[in-house]
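Hi,

Here is the structure I promised to pass on.

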2 protein chains.
Amino acid sequence: MTRYEELAQRLRRQIQSQVWLPGDKLPSLRESCKQSGLSLMTVLQAYQLLESQGWVVARPQSGYYVANSPSALPESGGALHLSEQVDINDAIFDILQAAKDPTIVPFGSAFPDASLFPQPRLARSLASAVRRMSASSAVANLPPGNEDLRRSIAQRYAQQGIAVAPDDIVITSGAMESLGLSLQAVTEPGDWVAIESPAFYGVLQAIERRQLKAVAIPTDVQTGIDLDALADALARYPIRACWLMSNFQNPLGATLPRARKQQLVAMLAARGIALIEDDVYSELYFGPARPPALRAFDRDGSTVLHCSSFSKCLAPGFRVGWVAAGPYAAKIQRLQLMSTLSASVPTQLALADYLHQSGFEPHLRRLRRQLELRQLAMYRGIQQAFPAGVSISRPEGGYFLWLTLGQGRDARTLYRRALAQGISIAPGHMFTTGDQFRDGVRLNSSFPWDARHQQAIETLGELVRGL
Amino acid sequence: MTRYEELAQRLRRQIQSQVWLPGDKLPSLRESCKQSGLSLMTVLQAYQLLESQGWVVARPQSGYYVANSPSALPESGGALHLSEQVDINDAIFDILQAAKDPTIVPFGSAFPDASLFPQPRLARSLASAVRRMSASSAVANLPPGNEDLRRSIAQRYAQQGIAVAPDDIVITSGAMESLGLSLQAVTEPGDWVAIESPAFYGVLQAIERRQLKAVAIPTDVQTGIDLDALADALARYPIRACWLMSNFQNPLGATLPRARKQQLVAMLAARGIALIEDDVYSELYFGPARPPALRAFDRDGSTVLHCSSFSKCLAPGFRVGWVAAGPYAAKIQRLQLMSTLSASVPTQLALADYLHQSGFEPHLRRLRRQLELRQLAMYRGIQQAFPAGVSISRPEGGYFLWLTLGQGRDARTLYRRALAQGISIAPGHMFTTGDQFRDGVRLNSSFPWDARHQQAIETLGELVRGL
């Protein structure tokens, strides 16, 4: 192969792998000479070869552009599935990926409907943050993170009667990071951790990555984690930490009654066991008042690491969360410095700005009302469309419905058949490392109850009947 | 204690822990009643008690505000040092914290001088990104990350003659995350990993967290990692991965000569050993051309995971990095989904916008020239101010100088004495888990050579003489 043929082949491969898209301008002849070390004549021959093959078109006075329908573009997205086997449940990844595909009805998604959030207000806050950013902002907002934002979060705790100082708080890249760092802060590999069953799949993965041993505690769809079973586990295993959600638990939607929250915190505090509280849904309550966090029952803040974020209630995509970590705050900062360094600075500043406006509470009130109405609509839709024997939870907040299909129906089969019809669901086995919840299904009820979503529920109902 | 005294005490504690700052408006009486469940009279008594004690002031028609000098505010920052002992070297944390303190000359910092970056242009791109953000942006930019940004990065690889498809790239929260995820993707706990000695401290921490065994390979201040020693280590240990920086290595500034880069990649490829390349400084070259990445010598992309970011050359604080991971891309996405979910969306969009403008190359040219001039000025300053026997590196890019103090001088002592004078340095022991580099010092040369920095170098010279 001559030199110009080699260059043409390289450029062709770049076009095939979509480094350059149809209509993109290729590097100029002069740039190409400089990069490749080839002569102008050689580069010109390569471009002309590509032109003769229909890959590029020349525009006089301008340069070479990728042709509008270059031959043989590969199927997009195919590369992803050629990768080696990985340890994380394929369904979890597929469902997260399916959330990106607008042709799929995303009932399996964990993301709230994006239209629920105050996009223009957030945009204004981001624009304002940009104006206030200075040369030193990157360094000034290193862990524990933006001071103004931490103070606003501390004030929100204060309004719930919870004593958290701004210095107890570490701002993170979403709650996922604060939960992972908290787990690292309170455990060593090989330690025992108590979790819920079923549990948010992020818990299961974090525990596997940290090489911990998990005791999964039965968790009721109404009343949350079984405290007797937990007490029993504490007596039998050297449990070092407990990770759970006491409000609108993912996937069940369960909320632990107040007295049991108190009892749970006391039980762990007495044994010196750290409690990692994932509390990302508690702003999304339908009742008259926000259900208390477990952190509210931990007077000196030495037991509970309270993790939350703005991703479910205000600004998905900003990736700003936090942990009220009390005595663990310094350790968590150190871990963060060595894993992601800090949360993104512009979004930290934007949220600090937004919280100084008066819009957050009105937004939350609207959001809660919408989520409650949408939940009700989907709940009624399922009641109508699904066969007898299917039970449906009706949580008092959040945006998940938990279905038990009953009669030996397999949610995995439903998952596959539904996906073939363009509907994603979250089958129960995603939420356990064991073999339970085979007939469990989590549905996201945050979407508007329009013809498309109504039709999708009816289709699901048909599919359940056919199982 | 009566109820109103209890409420007053709670509010006083909040003021003491700086939940409310001097001048902040406290919650209104009505809000306070609602939150506390107390009567209006009780709340009013509490506020009046605080007023009588000088903690708050009442403003007619408006409400209660924190007094301007409430008695007995605690020393700020003190809480941080009360935490339990942690496993990460205190010096690393202290130096990162010192970077935040504008009264300290940050020669120990790893962050480039913030005034070097095109703040107004980045602000415009962020503003433009905000306008283009839609309800679905959060989901659309999940891993592997913004498609447009990945394509721009792939084009920059193409211009260096490196074949990387947009789908090979995963956008992360800075290079720190891409490095950590790469390490997780190619190792299991207990595996052996080859690293440089001295090495970027992030490597040491990531290896400890992943419970790996490290073989530290001697690395020369001029020519980088010793390939004979590496070959020897590969023969003696079942090494699974190698993590290093071949361009302007941190802390030495060393760059591996081209032929040795080729040899290194061939050596690892032949044994099927993954190479994690931390290449965050290579845009900051002083010579005529960018030194090639190790990835350039890995034709099919199956050996090298190439990690980089915009944090050192364009936008510190945005926290946007990436890894060109080839066959590992899918695995890395899965790990990311379970640790931070995704990089911040507004900053991803802003960088995609910025890279479509024509400003990046001119900015980089200016940046490289400035860094070279500042390095030269500091180098000359050190030559003048420091005693004989101190050797100074002079890397061909980046912004670190590596000093060897010689004559048994202890860099830790210098570190302590310098900090007492308001100057931070990075002592050699930060870059090893062993007992070497006791007389090594890394200095950040990215700052303008003004009176303050010149004076600081003279002070350091005096301190070295006194060791």
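Arg319(A) sits in the loop that runs between strand 9 (304-309) and strand 10 (321-324) of chain A. Its phi is positive, about 60 degrees, although Arg319(A) is not a glycine. Please keep in mind that this is a predicted model. Gln18(A), another residue other than glycine, also has a positive phi, near 65 degrees. You will find Gln18(A) in the loop between helix 1 (3-16) and helix 2 (29-36) of chain A.

Some peptide bonds deserve a glance too. Pro143(A) and Pro144(A) are joined by a cis peptide bond with omega at about 10 degrees, and Pro144(A) belongs to the loop between helix 6 (137-140) and helix 7 (147-159) of chain A. In chain B, the bond between Asn250(B) and Pro251(B) is cis, with an omega of about 15 degrees. Pro251(B) is placed in the loop between strand 8 (239-244) and helix 11 of chain B.

That brings me to helix 11 itself. The axes of helix 10 (residues 227-236) and helix 11 (residues 258-271) of chain B come within 11 Å and cross at roughly 5 degrees. Since angles under 35 degrees count as roughly parallel, helix 10 of chain B is therefore roughly parallel to helix 11 of chain B. Helix 10 of chain B makes the contact through Leu227(B), Leu230(B), Ala231(B) and Leu234(B), while the residues from helix 11 of chain B include Leu264(B), Met267(B) and Leu268(B). By type, the residues of this contact are 7 nonpolar, 1 polar and 2 charged.

Now for the interface. Chain B brings 80 residues to the contact and chain A brings 81 residues. About 7,400 Å² is buried between the two chains, and 65% of that comes from carbon and sulfur atoms. Arg209(B), Arg334(B) and Met338(B) account for 11% of the area that chain B buries against chain A, more than any other three residues.

Over all chains the count is 24 salt bridges. One of them pairs Asp232(A) with Arg236(A), with the closest N and O atoms 3.4 Å apart. Both residues lie in helix 10 (residues 227-236) of chain A, 4 residues apart, about one turn of the helix.

Best wishes

Note on methods
Residues are numbered from 1 along each chain as its sequence is written. Chains are lettered from A and ligands numbered from 1 in the order in which they are written. This is a predicted model: local features need pLDDT of at least 70, side-chain atom pairs count only at pLDDT 80 or more; totals for chains, interfaces and linings use all residues. Side-chain values use heavy atoms; hydrogens and water are left out. Contact means heavy atoms within 4.5 Å. Buried area is the accessible area (1.4 Å probe) that two parts lose on being put together, summed over both. Axes are lines fitted to C-alpha atoms, for helices over the stretch in contact, and angles run from 0 to 180 degrees between N-to-C directions. Helices (H or I, at least four residues) and strands (E, at least two) are DSSP runs, numbered from the N terminus. Angles under 35 degrees count as roughly parallel, over 145 as roughly antiparallel, 65 to 115 as roughly perpendicular and the rest as oblique. Ala, Val, Leu, Ile, Met, Phe, Trp, Tyr, Cys and Pro count as nonpolar, Asp, Glu, Lys and Arg as charged, and the others, Gly among them, as polar. A salt bridge is a side-chain nitrogen of Lys or Arg within 4 Å of a carboxyl oxygen of Asp or Glu.
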